[in-house]
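Good morning, colleagues. Please look at the structure on the screen while I describe two parts of it.

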Amino acid sequence: MIVGITGATGIVFGIRALEVLRELGIESHLIVSRAGEMTRAHETKVSREELHALADHVHPIGDVGASIASGSFRTMGMLIAPCSVRTLAEVASGVTTTLLTRAADVVLKERRTLVMMVREAPLHAGHIRNMLTATEMGAIIHPPVPAFYTNPQTIADLVDHALGRALDCFGLEMPDMPRWGETIPSVEEAVSARPVKLVR
């Protein structure tokens, strides 16, 4: 699995993705944009070396000759977490300037799974058009939208559930992720389990 980390806020999603992939025994290939390195330093206490240590392979952002820049190198796809609107724009246009966007372009042309956890708000028409274009090319736009039906207790709970839903797109099971109708009762089940109070 290729993991791209860009300069949008929310680097925690990329870090957690690398941790989960290691737990699942899936080989990871990491690319971090220059802006992504700035975000790491601003949002976390994780050093560059510690981040890189979470991945099985780390590729410099400018190494367009890396293995993952070729369609003949087989992967299960790519997760961009978080995905900046600049990265989104490059993928949508097909004009790639770094290994990160080249790898994403390769994933699309080889008809593999590309999941982009786009992190921006509010959105203008250009952002929305780029999302539509990327979707029409085969990408999955998957913003890290928090779910509250899981009754989260911590920020880590919100991060894990959003990431777990993104990993679902690859057919990967996030360990211990609460699911509606499975570990979380549906509305009908929750209502039927409550004691009925008669109104007089």
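**An aromatic pair and a covered strand**

I begin with Y149, which has a relative accessibility of 40% and therefore counts as partly exposed. W180, with a relative accessible area of 43%, is partly exposed as well. Please keep in mind that this is a predicted model.

By the rule applied here, the count of aromatic pairs comes to one. Its members are Y149 and W180, whose ring centres are 5.5 Å apart and whose planes make an angle of 85°, an edge-to-face arrangement. The two residues are 31 residues apart, so to speak of where they sit: Y149 belongs to the loop between β6 (140-141) and α7 (155-168), and W180 to the loop between α7 and α8 (187-193). The pair thus links distant parts of the chain.

I turn now to strand β1, residues 2-5. Which of its residues are buried on each side? I2 and G4 are buried on one side, V3 and I5 on the other, and both faces of the strand are covered. As a general point, side chains in a regular strand alternate between the two faces of the sheet.

What are the partners of β1? With strand β2, residues 29-32, β1 pairs in the parallel sense over four bridges. Within that pairing, I2 has H29 as its bridge partner.

How values were computed. Residues are numbered from 1 along each chain as its sequence is written. This is a predicted model: local features need pLDDT of at least 70, side-chain atom pairs count only at pLDDT 80 or more; totals for chains, interfaces and linings use all residues. Side-chain values use heavy atoms; hydrogens and water are left out. Rings of Phe, Tyr and Trp (its six-membered ring) pair if their centres lie within 6.5 Å; planes under 30 degrees apart count as stacked, over 60 as edge-to-face and the rest as tilted. Buried means under 20% relative accessible area, exposed over 50%, partly exposed in between (1.4 Å probe, protein chains only). Two strands pair if DSSP finds at least two bridges between them.
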